[in-house]
Amino acid sequence: MLKIKIIAAGVVVAGAIAMLGAAAQPAQHLATEAPPEDALPMTWVANYMARKSSGELLELRFKDGAYQATLRHADGRLNHVEVDSASARIRSANGNDLFSNSVDVIPVAETTTPTNGLRAHQVVERVMASGQYRSLLGLRMENGGWRVALEDNGGKRLEVTVDPRNGGIVARSL
């Protein structure tokens, strides 16, 4: 009986150490690069994607000279697309038409907003309406909330977590 208790205690301690190690890993930053001055604003691109695409916008960021977006369709297909930063031309990541590069179907619960939740373009509108930020650098649906990368009016980059139900900022990080 003592041997079982010692083994069980060892498993608990090992699990706690593993959790601490995972928590110590740095979070992957959402924004990889800022769009150039002459690029269409990311806020405009988020609204444009909401009007033009048939999928729900899950992620938007500027990388490798273009806006890169991930869309999820009603059947669970994900599409990765690029939006030209000057012309707003939408193309798949491989250069073909908009929805030619569907990838695996994933469970809706992993990516969708709550039934009464805000869509990406609505989150952008609410966050930017506060007047505290001068530019949007990226956004992603993650763990049931929106992660938004921003540049404040002083030029400092930060990330905020936004409640998808009301658009309120629930956490900030640098």
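This is a predicted model: local features need pLDDT of at least 70, side-chain atom pairs count only at pLDDT 80 or more; totals for chains, interfaces and linings use all residues.

Q: Thanks. What order do the strands of the open sheet have?
A: The open sheet has eight strands in the order 4-3-2-1-5-6-7-8, and the pairing is antiparallel. Strand 4 (90-92) and strand 8 (169-173) are the edge strands, each pairing on one side only. On average, neighbouring strands of this sheet are turned by 30 degrees against each other, with direction ignored.

Q: And what holds strands together in a sheet, in general?
A: Strands of a sheet pair through backbone hydrogen bonds, and the pairing can be parallel or antiparallel.

Q: Ok, how many bridges are there between strand 1 and strand 2?
A: Strand 1 and strand 2 pair over seven bridges in the antiparallel sense, and one place to look is Leu57, which stands opposite Leu71 in strand 2. These two strands form a hairpin with two residues between them, and Asp64 in that turn has a positive phi of about 55 degrees.

Q: What about the hairpin after that, from strand 2 to strand 3?
A: That hairpin has five residues between its strands, and Gly76 in the turn has a positive phi of about 95 degrees. Strand 2 and strand 3 are joined by six bridges and run antiparallel, with Tyr67 having Val83 in strand 3 as its bridge partner. Val83 also stands opposite Ile90 in strand 4, and strand 3 (residues 78-83) pairs with strand 4 over three bridges.

Q: Is strand 2 mostly covered or mostly open?
A: Strand 2 is mostly covered, since six of its seven residues are buried, which means under 20% relative accessible area.

Q: Switching topic: which strands does helix 2 lie across?
A: Helix 2 (residues 42-52) lies across strand 1 (56-63), strand 2 (66-72), strand 3, strand 4 and strand 5 (133-142), and it runs at about 145 degrees to strand 1. Helix 3 (residues 120-129) also packs on the sheet, where it touches strand 1, strand 5, strand 6 (145-152) and strand 7 (157-162).

Q: So what's in the largest nonpolar core?
A: That core has 33 residues, and among those with the most contacts inside it are Met49, Leu57, Tyr67 and Trp146. Helix 2 supplies the largest share of it, five residues.

Q: Which residues does Leu57 touch, apart from its close neighbours in sequence?
A: Leaving aside neighbours within four places in sequence, Leu57 is in contact with Ala46, Met49, Ala69, Thr70, Leu71, Ala120 and Trp146.

Q: One more topic: how much space lies in the largest pocket?
A: The largest pocket holds about 260 Å³ of space. It is lined by 16 residues, and those closest to its centre are Pro35, Pro36, Pro41, Ser135 and Leu136.

Q: Which strand gives the most to that lining?
A: Strand 5 gives the most, with four residues, although strand 5 is also mostly covered, with seven of its 10 residues buried.

Q: And how is strand 5 connected to the rest of the sheet?
A: Three bridges join strand 5 to strand 1, where Arg61 stands opposite Gly138, and eight bridges join strand 5 to strand 6, where Ser135 stands opposite Glu151. Strand 5 and strand 6 also form a hairpin with two residues between them, and Asn143 in the turn has a positive phi of about 50 degrees.

Terms used
Residues are numbered from 1 along each chain as its sequence is written. Side-chain values use heavy atoms; hydrogens and water are left out. Two strands pair if DSSP finds at least two bridges between them. Axes are lines fitted to C-alpha atoms, for helices over the stretch in contact, and angles run from 0 to 180 degrees between N-to-C directions. Contact means heavy atoms within 4.5 Å. A nonpolar core is a set of buried Ala, Val, Leu, Ile, Met, Phe, Trp, Tyr and Cys residues joined through side-chain atoms within 4.5 Å. Buried means under 20% relative accessible area, exposed over 50%, partly exposed in between (1.4 Å probe, protein chains only). On a 1 Å grid over the protein atoms alone, a cavity is a set of points where a 1.4 Å probe fits but cannot get out, and a pocket is an open set with protein on both sides within 12 Å along at least five of seven lines; lining residues have an atom within 4 Å of a point. Grid points are joined across faces, edges and corners, and a volume is the space filled by probe spheres set on the points.
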